[in-house]
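Trainee: Please take one part of this model, the ring cluster, and go through it closely. Then place it in its surroundings.

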Amino acid sequence: MKILHTLPLLLTFSLFINTLTLHAQQSAAPRIEKKSYDKMLKHLLSHTVEEISVAEAAALNEVIFLDARAAEEFEVSHIQQARFVGYDQFEMSRVADIPKDAKIVVYCSVGYRSEKISERLVEAGFQDVSNLYGGIFEWKNQDQEVVNEQGETEKVHAFDRVWGFWLKEGEKVY
């Protein structure tokens, strides 16, 4: 008789645990190739906006890439067709022509600055904004193309020597 009384409780508890597990799997940050880089990013970032992996972002057909680095970083190289929006000097006027329902991927070197810009875009009503997990460093680490005014390049601005540690592929520029 006791089993019949506890059965609904056990079923409810089981459903609750399954829901928590599914939510944890869905909200986990996309994985990147180097576990140490992933671990650093998990602590550095707030994970307050949707995150997208390099593989997922590279597979998108209709996407607007926004570069949230400094102008000199963007000039060294950036993702093809990316739009410079900056970080310190970011203003909403730089994205005023982008439809609120457009697919937007924001990136910087590793993802911190782009996360902050992504938060501002979401607050402004943009509906489909993702932060590129691992930033342009992971983009290049996974052999994705970067360009500058002359075309494809191997150069990537590594921000500084401390952060540049995480850029394993390409030619570091400081």
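Mentor: What follows starts with the rings, then turns to the core, the sheet and some separate sites.

The model is predicted, so local features need pLDDT of at least 70 and side-chain atom pairs count only at pLDDT 80 or more, while totals for chains, interfaces and linings use all residues. Residues are numbered from 1 along each chain as its sequence is written, and side-chain values use heavy atoms, with hydrogens and water left out.

Ring pairs link Tyr-37, Phe-165 and Trp-166 into a cluster. Rings of Phe, Tyr and Trp (its six-membered ring) pair if their centres lie within 6.5 Å; planes under 30 degrees apart count as stacked, over 60 as edge-to-face and the rest as tilted. The count by this rule is five aromatic pairs. Tyr-37 and Trp-166 are stacked because their ring centres are 5.2 Å apart and their planes are at 15°. This pair links distant parts of the chain, 129 residues apart: Tyr-37 is in helix H2, and Trp-166 is in the loop between helix H7 (161-164) and strand S9 (171-173). Helices (H or I, at least four residues) and strands (E, at least two) are DSSP runs, numbered from the N terminus.

Tyr-37 is buried at 1%, and Trp-166 is buried at 14%. Phe-165 and Trp-166 make an edge-to-face pair, with 4.8 Å centre to centre and 80° between the planes. Phe-165 itself is partly exposed, at 45%. Lys-168 lies over the face of Phe-165, at 3.7 Å from the ring centre; the criterion is NZ of Lys or CZ of Arg within 6 Å of the ring centre and within 35 degrees of the ring normal. Lys-100 lies over the face of Phe-126, at 4.4 Å from the ring centre.

Tyr-37 also belongs to the largest nonpolar core, which has 25 residues; Tyr-37, Leu-41, Phe-65, Leu-132, Phe-137 and Trp-139 have the most contacts inside it. Such a core is a set of buried Ala, Val, Leu, Ile, Met, Phe, Trp, Tyr and Cys residues joined through side-chain atoms within 4.5 Å. The elements giving two or more residues to this core are helix H2 (35-44), helix H3 (54-58), S4 and helix H6 (135-141). A second, separate core of 14 residues includes Phe-90, Ile-98, Cys-108 and Ile-117.

Five strands form an open sheet with parallel pairing, in the order S1-S5-S4-S2-S3; strands pair if DSSP finds at least two bridges between them. Strand S1 (51-52) and S3 are the edge strands, each pairing on one side only. Strand S2 (residues 64-67) is joined to S4 by four bridges, and Phe-65 has Val-105 as its bridge partner in S4.

Contact means heavy atoms within 4.5 Å; leaving aside neighbours within four places in sequence, Thr-153 is in contact with Val-76, Ser-77, Lys-140, Val-146, Val-147 and Asn-148. Asp-88, in the loop between strand S3 (83-84) and strand S4 (103-107), is exposed at 74%.

Note on methods. Buried < 20%, exposed > 50% of the residue type's maximum accessible area, 1.4 Å probe, protein only.
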